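Please walk through this model with me, one part at a time. Keep the sequence and the 3D view open as you read.

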Number of protein chains: 8
Amino acid sequence: MAESGPLVTIVMGSKSDLDVMSQAAKVLEQFGISHEMRVVSAHRTPDRAHELGRSAKERGTKVIIAGAGKAAHLAGVMASLTTLPVIGVPMPTSDLGGLDSLLSTVQMPGGIPVATTAIGKSGAKNAGLLAVAMLAMSDAKLADMLARQRETMQQAIEQDDEQLQQGLTAER
Amino acid sequence: MAESGPLVTIVMGSKSDLDVMSQAAKVLEQFGISHEMRVVSAHRTPDRAHELGRSAKERGTKVIIAGAGKAAHLAGVMASLTTLPVIGVPMPTSDLGGLDSLLSTVQMPGGIPVATTAIGKSGAKNAGLLAVAMLAMSDAKLADMLARQRETMQQAIEQDDEQLQQGLTAER
Amino acid sequence: MAESGPLVTIVMGSKSDLDVMSQAAKVLEQFGISHEMRVVSAHRTPDRAHELGRSAKERGTKVIIAGAGKAAHLAGVMASLTTLPVIGVPMPTSDLGGLDSLLSTVQMPGGIPVATTAIGKSGAKNAGLLAVAMLAMSDAKLADMLARQRETMQQAIEQDDEQLQQGLTAER
Amino acid sequence: MAESGPLVTIVMGSKSDLDVMSQAAKVLEQFGISHEMRVVSAHRTPDRAHELGRSAKERGTKVIIAGAGKAAHLAGVMASLTTLPVIGVPMPTSDLGGLDSLLSTVQMPGGIPVATTAIGKSGAKNAGLLAVAMLAMSDAKLADMLARQRETMQQAIEQDDEQLQQGLTAER
Amino acid sequence: MAESGPLVTIVMGSKSDLDVMSQAAKVLEQFGISHEMRVVSAHRTPDRAHELGRSAKERGTKVIIAGAGKAAHLAGVMASLTTLPVIGVPMPTSDLGGLDSLLSTVQMPGGIPVATTAIGKSGAKNAGLLAVAMLAMSDAKLADMLARQRETMQQAIEQDDEQLQQGLTAER
Amino acid sequence: MAESGPLVTIVMGSKSDLDVMSQAAKVLEQFGISHEMRVVSAHRTPDRAHELGRSAKERGTKVIIAGAGKAAHLAGVMASLTTLPVIGVPMPTSDLGGLDSLLSTVQMPGGIPVATTAIGKSGAKNAGLLAVAMLAMSDAKLADMLARQRETMQQAIEQDDEQLQQGLTAER
Amino acid sequence: MAESGPLVTIVMGSKSDLDVMSQAAKVLEQFGISHEMRVVSAHRTPDRAHELGRSAKERGTKVIIAGAGKAAHLAGVMASLTTLPVIGVPMPTSDLGGLDSLLSTVQMPGGIPVATTAIGKSGAKNAGLLAVAMLAMSDAKLADMLARQRETMQQAIEQDDEQLQQGLTAER
Amino acid sequence: MAESGPLVTIVMGSKSDLDVMSQAAKVLEQFGISHEMRVVSAHRTPDRAHELGRSAKERGTKVIIAGAGKAAHLAGVMASLTTLPVIGVPMPTSDLGGLDSLLSTVQMPGGIPVATTAIGKSGAKNAGLLAVAMLAMSDAKLADMLARQRETMQQAIEQDDEQLQQGLTAER
């Protein structure tokens, strides 16, 4: 029934969000998960947004990641149009630091959930990882990859830890 | 071309917003301006919201007043679907005092304006008055009524002022 | 390999969070999804928290929902111990309205995602719905139930809308 | 009765606000709407502010746009002196990011509305668009221009969208 | 040249501020300083506000105390119209706790100072004491009274301290 | 009884506050008011702070201006040690924008007032002007100078206004 | 050299803080640690505060716990007068929820540390526990008691956990 | 029983926190207190964090200093695993200025205290000083060093004060 479109749709409200949102795409690439990146504005292209949200499931999308800033409605709009899980990434904003984006994304009313991550790049990266984790619920191979990625991340920090300790010793 | 529907459409995201939003309706009644009140949720009834926004102008609406709380997208959704002026009223919220509603309503991206008023009842009242002021731009009778309403308001405060001064004198 | 434990584990940091977190359980019950509710504190029972997070996947859990307040670390602790998707629900707090819980839950560093919902009961309800949406990714029957629940929700609001319009007519 | 002054008066509290407020003027120019720009401080030139507000209607002004920062009283002062619609633009501030300007502009008491837009340049742009939308309520030609401007804006985003999708394809 | 009006003018934006602002009056009564209380709204009675500010010095006022809430402009308006010292008292607000009133009162632009006190009743009390301190700069008797009031206040706390210590001993 | 020390004492908590606080000194110089500038930390030199506060009145000081940042206690400490009027200037802070300094300075308990101005340089300038206004209460010559300074300030803005209007005309 | 006064001094800025601060005293009683409770205001009884801080070490105090609200300077004042560890407890405040108290207590400048705990009762309880932990650094018996108290606390939560699980089972 | 490891363990959640946290190390070096610096992430290396917290006391650590940013759980995790005093340092964050780190560190639930210092470098310096003060409770020599350090700090500010006064004199 569903077309074999990409598994994850990454939507952003403006081309200027690409630098942040490409962190999510990078994660999906690392895990070999098909995805598309779209610039669709809840406010400036409402029909496109409506169409994208309504058609996502049929096109084969499993998870939507939406990033937007300020009065950030994009994730909420997506969530209102599909029952697929929608992950929201609040963009940093020059005036209020992204607090406006965060509250506009996370404070959804009961009934229409948005899975919100942190403001900015680490939030976008985590949106990618959340999408992987959701797909891994029914894909043992992905689950294994996730577990290995965690180990790699742990080892990087353990190396930082050892270098710091050696450095201190060396300095003395 | 436009049907003779009510001049002002008041939309709220939930029936629980009625207590606040009826302040806007009360003002419109005082000025004898035809209006309708609708419960339409940007998130829970997106198609109705879409339809309402898209059809408003054709139905004869001149101004839309939209009130919503938390991740308050309703005014922004209306504004994205019509070129009519849209007034947004942020609802008070139990957890963050309405700061979430305010930022979600006012921090719109360039291109899609929402005329935002204060949080809660005084904001809803002012939304009604803003709608009147917009209609009065091309309706001299309304403009006169607005001027008289201002005078009445001034007199009420002047009476408060006099009573306070007399009270202080009396007490001594 | 995985035991046939409940599909969703709901964890809360304190018994006093039960009133909020039972909103998540209620949703899962409506969808017939097996779940357990646990009181495990990241700070006061760290070993239990560690054990719960580490063992969740093996016990058959697919999604973890964690609710905590103030310096709300529980969701983050769970997320650090498992690659399963973890949903975080910030508790309202009497002093800062839940802003502390929200920031402590959502502002996770890159690498360890927490899917955060709104502060309080609507957030807990949405956490339940998010868990359903994740499970529905590979369960067409659940996906259908979700779609029907959306319709029911829409109809409720449409009824509110009609009653409000009739009421206004009636009153006049 | 009214002189044929400009239709829109843009007021700012300080010459340093010009960079932001000229975004509003630019929109009005695009729509061919006559306007004036004034530097009038609610606090430093209260008599001028008083006179400007009181005389606006008689001079033919239809809409006032007022931008100010910090304890931003200018829009409120204008609104207290005229029944014309007043649009307030909160200036960004170096210390509090414009939250002070926003709250000082939007939190008006019941009776004296200010139609507030977002902090900074996008808010000023939207103030211009709001003024156009208000004038378009009784000017079908302006309404058409507004509709076309929306389409142009949509097309720009749709182009961004297509470029992003092609770029991703090209890179692979 | 100056009429012998009251030395201190207490202005409030609404009769509902009386409960808070009467704390300032109470202090002035304790020090036997002549004062008047006025309800004058910067937004709803701008001409009265203008007249009050402009005439204050001539009527013999030495200090103005102004209390207002939300987009609290009253103190700033007074300060813009007189070179007398103006003390601003931010009213508590139900939605934002008075943060809006505080920022609207204290964040004045360079050139027009407002001496701001704390939000609410203790702020109003301190406004009264500040007015006394200003008058005491050229009134040795008032300065002595202020010094004695401080001693009384100290003794009250020292008594609390002793009672607490005795109570603890007694309980054991 | 009082020595003929400077009329205004400007105290700051750290040498790094000099750039901001010298704005207050500049105003006092313009008005020919004798003043001293001191670096005294409430936290790092409590005895000096204590001695300065306690001795200020005897040394002939009429007004104290205190600027400090973060947990900004200096103004409050001065106010606790003298009945002279104390003006507090919150320093901007790199992390919280000065909100910490502002709340620490303005939210004084009932009984010990601090006359707080805006965060940063405009606050320091206004602190200088407030001190002048207080001294002008019993010094008609100073009062006249203040009135003239206001006029000069008004003229500067009126010139900005005219230049802006001419500029717009010229450009066309 | 040091008198054998109580090991811990609990100071609060006002008698009204007793309800919160007695949570610290209760902890110290449970651990059998001698302590005193004092009402001393940094602002209203500065000499007493000065004397208390300066003499604490000589009187045998090992740790000071200070609780205050709003512009909460008491802990900072204590820390400025002694090299003993000072623990600060921010009081909840009716207007700003204790954010003012928190920032005034925690944002101390480099050189004068205050060990700050959470706003309100749980902060006061934790202040007591921190004092115990500090004393336990050189008192093995106290360290054992602390370890046992942790176990008791864990067991309480484990019981809540079991009851919740049984309750859910029972209900079904 | 305890090994003779370093007296103070400084832990940070990421190598990027080293610039801030080395301020704590610098203080400990000045006082000749043995210490170690570790990079251990509560979220990315939970087992290491668990092990470090659990083993700290046995390895001879007396005080733990933990610095982390955003959803800053590291200090809380340490505190949950040991009864040693844990000092938390909130890292500045680019988006929310460190308010997220502060609330995540300080708002601990009753039972598990974290002694929180200011955001950033001055907080890290004060964390070092707090650790010294705790160790000085049972080490008279350290207590003397602390007292001397305070004097040095006072003298530095007194020199600043004198230079400022001389500079002002010289300039005239």
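How much area do chain G and chain H bury between them? The answer is about 3,200 Å², and carbon and sulfur atoms account for 63% of it. Buried area here is the accessible area (1.4 Å probe) that two parts lose on being put together, summed over both. The size of an interface is often given in just this way, as the accessible area lost when the parts come together.

A word on the ground rules. This is a predicted model, in which local features need pLDDT of at least 70 and side-chain atom pairs count only at pLDDT 80 or more, while totals for chains, interfaces and linings use all residues; side-chain values use heavy atoms, with hydrogens and water left out. Residues are numbered from 1 along each chain as its sequence is written, and chains are lettered from A and ligands numbered from 1 in the order in which they are written.

Stay with chains G and H. Their contact (heavy atoms within 4.5 Å) takes 40 residues from chain G and 40 residues from chain H. Three residues of chain G stand out: G:T83, G:M137 and G:R150 supply 21% of the area that chain G buries against chain H, more than any other three residues. Between chain G and chain H there are 0 salt bridges. A salt bridge is a side-chain nitrogen of Lys or Arg within 4 Å of a carboxyl oxygen of Asp or Glu.

Now turn to chains B and D. Here 40 residues of chain B are in contact with 40 residues of chain D. The buried area is about 3,300 Å², with 63% of it from carbon and sulfur atoms. B:T83, B:M137 and B:R150 supply 21% of what chain B buries against chain D, more than any other three residues. The salt bridge count between chain B and chain D is 0.

Some chains do not meet. Chain A and chain F do not touch, and their nearest C-alpha atoms are 11 Å apart. Chain C and chain F also have no contact; their closest C-alpha atoms lie 15 Å apart.

Next, look inside a single chain. Chain A has 6 helices and 5 strands. Helices (H or I, at least four residues) and strands (E, at least two) are DSSP runs, numbered from the N terminus. Along the sequence, chain A reads β-α-β-α-β-α-β-α-β-α-α. Its C-alpha atoms fill a box of roughly 65 × 45 × 30 Å, taken along the principal axes.

Where are the salt bridges? Over all chains, the whole structure holds 64 salt bridges. One joins the side chains of B:R59 and B:E36, at 3.2 Å from N to O. This pair links distant parts of the chain, 23 residues apart: B:R59 sits in the loop between α2 and β3 (63-68) of chain B, and B:E36 in strand β2 (residues 35-39) of chain B.

Finally, find a helix pair in chain B. The axes of helix α2 (residues 46-55) and helix α3 (residues 74-81) of chain B come within 8 Å and cross at roughly 50 degrees. That makes α2(B) oblique to α3(B). In the contact, B:A49, B:H50, B:L52, B:G53 and B:R54 of α2(B) meet B:V77, B:M78, B:S80 and B:L81 of α3(B). Axes are lines fitted to C-alpha atoms, for helices over the stretch in contact, and angles run from 0 to 180 degrees between N-to-C directions. Angles under 35 degrees count as roughly parallel, over 145 as roughly antiparallel, 65 to 115 as roughly perpendicular and the rest as oblique.
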